[in-house]
Amino acid sequence: MDKSILIVEDESSIRKFVKINLERNGFNVFEAETGEDGLLIARKENIDIAILDIMLPGIDGFQVCKLLRQEFPKMGIIMLTAKSQDIDKIMGLEYGTDDYMTKPFNPTELVLRVKSLARRIDPSEKTDSSNLLISEPFKIDTYSRKFFKDNVEIELTPTEYAIAKLFLEQPGRAFKRDEILNLVWGYDFIGDSKIVDVNIRRLRAKIEEDPSNPVYIETVWGIGYRWKEND
Ligand code: CA
């Protein structure tokens, strides 16, 4: 899996340390000291996953995240933060991050998160032919990794796509939040299931006619979520 990773971090010691650990695991790593440089690299290279520090000289990690999401909806994004009050913002609807880590972090843990995200971007079950999951008016082509509503493509982030695929594989099944966390983020994810809720809200905003009255992704009180049963 030779995925390209971009690390945007002004502290060179952390940057190098992340780079070495990822390279050891077979990733191709690009480094940037500022958000501006990071954007230039993202436009030039084919970046699969960006790791963004929040506190940067010039534009901050939030801005970089927003711009990357606009230009590259399918890029995986992991945010690094030193402040616990940033977490609510990271988890907000506005930025669309796939994951986050709090500093100081264990490099092994970061590598696991990157690998888990890489799997969301590039699942191993590749087939030669189109494989369609259909739940009218939605359709997922698992070969091209595209999601359609009424035959119009809706751009999903890697995490939103992974959740949508999980639902369309088993319409009508109620998934617990922790189950979604495990199936999408990976069993090694020691995270907050709030990240599941945020991604569900983003997915609803993209696919529901009225996201505050969702009909496709139902809330199962006290449990989690369920894709509506096929008619
Ligand atoms: Ca920094």
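Glu-160 and Lys-206 form a salt bridge in which the closest N and O atoms are 2.6 Å apart; the term denotes a side-chain nitrogen of Lys or Arg within 4 Å of a carboxyl oxygen of Asp or Glu. The pair joins distant parts of the chain, 46 residues apart, with Glu-160 in helix H6 (residues 158-169) and Lys-206 in helix H8 (residues 194-207). Helices (H or I, at least four residues) and strands (E, at least two) are DSSP runs, numbered from the N terminus. Glu-160 counts as buried because its relative accessibility is 1%, whereas Lys-206, at 33%, counts as partly exposed. Here, buried means under 20% relative accessible area, exposed over 50%, and partly exposed in between (1.4 Å probe, protein chains only).

## Basis of the description

The model is predicted: local features need pLDDT of at least 70 and side-chain atom pairs count only at pLDDT 80 or more, while totals for chains, interfaces and linings use all residues. Residues are numbered from 1 along each chain as its sequence is written, and side-chain values use heavy atoms, with hydrogens and water left out.

## Further salt bridges

The structure holds 22 salt bridges. One of them joins Lys-103 to Glu-9, with the closest N and O atoms 2.9 Å apart. Lys-103 lies in the loop between strand E5 (99-102) and helix H5 (107-121), and Glu-9 in the loop between strand E1 (4-8) and helix H1 (12-24), so this pair ties together parts that are 94 residues apart in sequence. Lys-103 counts as buried at 17% relative accessibility, and Glu-9 counts as buried at 0%.

Another salt bridge is formed by Arg-226 and Glu-218, whose closest N and O atoms are 2.8 Å apart. Arg-226 counts as partly exposed at 29% relative accessibility, and Glu-218 also falls in the partly exposed class, at 25%.

## The calcium ion

Glu-9 is also a donor of the calcium ion: the protein donors are Glu-9 (OE), Asp-10 (OD), Asp-53 (OD) and Met-55 (O), lying 2.1 to 3.0 Å from the ion. Donors are N, O and S atoms within 2.8 Å of the metal (3.2 Å for Na, K and Ca); water is not among the atoms, so sites may look incomplete. Along the chain, the donors follow the spacing E-D-x42-D-x1-M. Asp-53 counts as buried at 3% relative accessibility, whereas Met-55 counts as exposed at 56%.

## Packing of helices H7 and H8

Two packed helices are described by the angle between their axes and the distance between the axes. Helix H7 (residues 177-185) packs with H8 at an angle of about 80 degrees, the axes being 9 Å apart. Axes are lines fitted to C-alpha atoms, for helices over the stretch in contact, and angles run from 0 to 180 degrees between N-to-C directions. H7 and H8 are therefore roughly perpendicular to each other, a class that covers angles of 65 to 115 degrees.

The contact (heavy atoms within 4.5 Å) involves Arg-177, Ile-180, Leu-181 and Trp-185 of H7 and Ile-195, Val-196, Asp-197 and Asn-199 of H8.

## The position of Ser-84

Ser-84 is located in the loop between strand E4 (76-81) and helix H4 (86-90). Ser-84 is exposed, with a relative accessible area of 57%. Between the C-alpha atoms of Ser-84 and Glu-45, which are 39 residues apart along the chain, the separation is 32 Å.

Terms used:
Parallel < 35°, antiparallel > 145°, perpendicular 65-115°, else oblique.
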